[in-house]
Amino acid sequence: MPGTDYPDSEEERLEADAVTWLVRLTSGETTENDRRAADLWRRQSLAHQRAFEKASRLWDGMEPLRDSLISRDSS
């Protein structure tokens, strides 16, 4: 992505890590230690925070699809 301090491979790694944290935090089985560790990960750098925000926007944008899939599974 233009304008970042990380090469693509580093940016992709951070984005993958952010998705992993987001999945853990939305699993319904999150512990307080998970929340603290995710917060520490995000505060490591602006790039970490941006990757998490990007993953969160994507996750939030998928809410209608998630709701649709959940309602089909429970019918």
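Let's start with a term: buried means under 20% relative accessible area, exposed means over 50%, and partly exposed is anything in between (1.4 Å probe, protein chains only). Keep in mind that this is a predicted model, where local features need pLDDT of at least 70, side-chain atom pairs count only at pLDDT 80 or more, and totals for chains, interfaces and linings use all residues. Residues are numbered from 1 along each chain as its sequence is written, and side-chain values use heavy atoms, with hydrogens and water left out.

**Exercise 1.** Work out how aspartate 17 and arginine 13 are placed and how their side chains meet.

*Step 1.* Find the helix. Both residues lie in helix 1 (residues 8-25), 4 residues apart, which is about one turn of the helix. Helices here are DSSP runs of H or I with at least four residues, numbered from the N terminus.

*Step 2.* Check the side chains. Aspartate 17 and arginine 13 meet in a salt bridge, with 3.0 Å from N to O. The term asks for a side-chain nitrogen of Lys or Arg within 4 Å of a carboxyl oxygen of Asp or Glu.

*Step 3.* Look at accessibility. Aspartate 17 has a relative accessible area of 24%, so it is partly exposed. Arginine 13 has 38%, so it is partly exposed too.

*Step 4.* Widen the view. Glu10, Arg13 and Asp17 are linked in a network of salt bridges, and a search of the whole structure finds 7 salt bridges.

**Exercise 2.** Is arginine 42 buried or exposed, and which residues does it touch?

*Step 1.* Arginine 42 is found in helix 2 (residues 32-42). Its relative accessible area is 17%, so it is buried.

*Step 2.* List the contacts (heavy atoms within 4.5 Å). Leaving out residues up to four places away in sequence, arginine 42 touches Leu25, His48, Gln49 and Phe52.

*Step 3.* Take a look at Phe52. The charged end of arginine 42 sits over the ring of phenylalanine 52, 4.6 Å from its centre. For that label, NZ of Lys or CZ of Arg must be within 6 Å of the ring centre and within 35 degrees of the ring normal.

*Step 4.* Find the salt-bridge partner. Aspartate 39 forms a salt bridge with arginine 42, the closest N and O atoms being 3.3 Å apart. These two are separated by about one helical turn because they are 3 residues apart in helix 2. Aspartate 39 is at 28% relative accessibility, so it counts as partly exposed.
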